[in-house]
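Please look over the sequence and model shown here before reading the briefing that follows.

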Amino acid sequence: MRIEELACNKMNNDNCSKYFTFSDFVECSDTYKRVLCENKPKQPETYLAIKELACNVLDKVQDEFGSLKLTYGFCSSTLDKYIKKNNYPKLDQHAGHELNSKGQPICERLGFAADFIVPSFSSLDVARYIVSSLKFDRLYYYGCERPLHVSLNKNPISQIYLMKTYDNRRVPLKISEERFLEKDPGF
């Protein structure tokens, strides 16, 4: 299917990878399920970015570890209005290639991000697999029992962030690949 057709397609149920449909990424967040607002990508490039992340990262994670659960995927500007905290659309890549009211990308990093968890595995084990085996742009690690955030774009830089909480605020701490892969990295 051509990218222009994806953007015009009224159904997001088309497969975008071996295991996922576009609607999986549009409908997975708790906020979306609660408010059921318009949350469909408008930019054809967003569909392509979703497909790239699904095929090149998430399908491979599912092949390695088994079924994963998406917890946060695409976030339109409409859905963003309902998210109360810990949301950074200018940085987090959940908006894909969508544009703001001035016609500029909401997130200049472009690409796409999704948050997910593999229920029967530690998020640390899954994150280490991604870091050691796959291309990615950014990975946010929140803890062993928490979902991972992973993004991919055309020029992935493989940055890893530990998401620490200080005074009820999440603070990203950049960590090297070598330290993240250590047997006991001290986090």
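Contact means heavy atoms within 4.5 Å, and in that sense the buried residues of α6 pack against α4, β2, β3, β4, β5 and α7 (177-181). Buried stands for under 20% relative accessible area, exposed for over 50%, and partly exposed for what lies in between, with a 1.4 Å probe and protein chains only. Helices (H or I, at least four residues) and strands (E, at least two) are DSSP runs numbered from the N terminus.

This is a predicted model, in which local features need pLDDT of at least 70 and side-chain atom pairs count only at pLDDT 80 or more, while totals for chains, interfaces and linings use all residues. Residues are numbered from 1 along each chain as its sequence is written, and side-chain values use heavy atoms, with hydrogens and water left out.

**The sheet**

- Six strands form an open sheet of mixed pairing in the order β1-β2-β4-β3-β5-β6, where two strands pair if DSSP finds at least two bridges between them.
- The edge strands, each pairing on one side only, are β1 (69-72) and β6 (169-175).
- Neighbouring strands are turned by 30 degrees against each other on average, direction ignored; axes are lines fitted to C-alpha atoms, for helices over the stretch in contact, and angles run from 0 to 180 degrees between N-to-C directions.

**Strand β3 and its neighbours**

- From strand β3 (residues 138-141), R138 and Y140 point one way and L139 and Y141 the other, and all are buried.
- In the parallel sense, β3 pairs with strand β5 (residues 159-166) over four bridges, and Y141 stands opposite L162 in β5.
- Strand β4 (residues 148-152) runs antiparallel to β3 and is joined to it by two bridges, with H149 of β4 as the bridge partner of Y140.
- The hairpin of β3 and β4 has six residues between the strands, and in it G143 takes a positive phi near 145 degrees.

**Helix α6 and its partner α4**

- Helix α6 is mostly covered, since eight of its 11 residues are buried, namely S123, L124, V126, A127, R128, Y129, I130 and V131.
- The axes of helix α4 (residues 44-65) and helix α6 (residues 123-133) come within 11 Å and cross at roughly 125 degrees.
- The two helices α4 and α6 are therefore oblique to each other, given that angles under 35 degrees count as roughly parallel, over 145 as roughly antiparallel, 65 to 115 as roughly perpendicular and the rest as oblique.
- Where the helices meet, K60, V61, E64 and F65 in α4 are in contact with D125, V126, Y129 and I130 in α6.

**Cysteines**

- With a disulfide taken as a pair of cysteine sulfur atoms within 2.5 Å, the count comes to zero disulfides.
- C16 is in no disulfide, and the nearest cysteine sulfur, that of C55, is 6.6 Å away; C16 is buried, with a relative accessible area of 1%.
- C107 is likewise in no disulfide, the nearest cysteine sulfur being that of C75 at 12 Å, and C107 is buried, with a relative accessible area of 0%.
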